[in-house]
Amino acid sequence: MRPLRRGFRFTPLHLAGWLFADMLLVLALVSMGDRGDPLAAQAAATRPSPSASSTDASEPSPEPSPTPQGPRSVERKPVKVHVTAAVGDTTQMVRQLRTATARYEGRAAAFVLTFGQAVEPSDGQAYAHEINKSLRKARPDMFTDATTRDFWNGGSAGAADLEIYFYTR
């Protein structure tokens, strides 16, 4: 009779979760690498074309590049805004948000991460939610379709830090 061994027995089934996670990571990297760079395409479109005197008359002129089509991209670098207003002071919040976003008028925000400062996490998230509601009052055209997320950041109540990610032009 064989003695029973106690301990961990390896089976290939234990690797199934890791294999799935690795495959998902590879798919994410491939899909990110497959997208073109909209900023590089925009820069290429604004370069001056060669003059007519520099080309041979027998050569056909190159076709202009087509207008990029497909989903819009999101800029990688956020616009950071700091707001200081008392809890419930929507007028001050709207005023500060209008001032801070004035130079971005005409652009559309994709998503906004708002970090409300407070001692307690629930209070910070509630303040961030209040700021995000004020965004839509301050600039309805800019933030109507934007996705917002409310986060907590430790500190004294009455302040928030925003990271606004705009769509590329």
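Analyst: An angle between axes counts as roughly parallel under 35 degrees, as roughly antiparallel over 145, as roughly perpendicular from 65 to 115, and as oblique in the remaining ranges. With that scale in hand, and bearing in mind that this is a predicted model, we can turn to helix H3, residues 90–101, and helix H4, residues 121–138, whose axes come within 9 Å and cross at roughly 60°. H3 and H4 are therefore oblique to each other, and the crossing in which H3 passes H4 is right-handed.

On the side of H3, the contact is made by Thr 90, Met 93, Val 94, Leu 97 and Arg 98, while H4 contributes Tyr 127, Glu 130, Ile 131, Ser 134, Leu 135, Lys 137 and Ala 138.

As for the setting, the protein chain holds 5 helices and 4 strands, which follow one another from the N terminus in the order α-α-β-α-β-α-α-β-β. Of the contacts in the chain between residues at least 6 apart in sequence, 83% join residues at least 24 apart. Among the 169 residues of the chain, 25% count as buried, and the accessible surface amounts to about 12900 Å², with 58% of that area belonging to carbon and sulfur atoms.

Note on methods: Residues numbered from 1 in each chain as written. Predicted model: local features only at pLDDT ≥ 70, side-chain atom pairs only at ≥ 80, totals over all residues. Heavy atoms only, no water. Helix = DSSP H or I, 4+ residues; strand = E, 2+ residues; numbered from the N terminus. Buried < 20%, exposed > 50% of the residue type's maximum accessible area, 1.4 Å probe, protein only. Contact = heavy atoms within 4.5 Å. Areas by Shrake-Rupley, 256 points an atom, 1.4 Å probe, with all protein chains shown as cover. Axes fitted to C-alpha atoms, helices over the stretch in contact; angles between N-to-C directions. Left-handed = near helix turned anticlockwise from the far one by under 90°.
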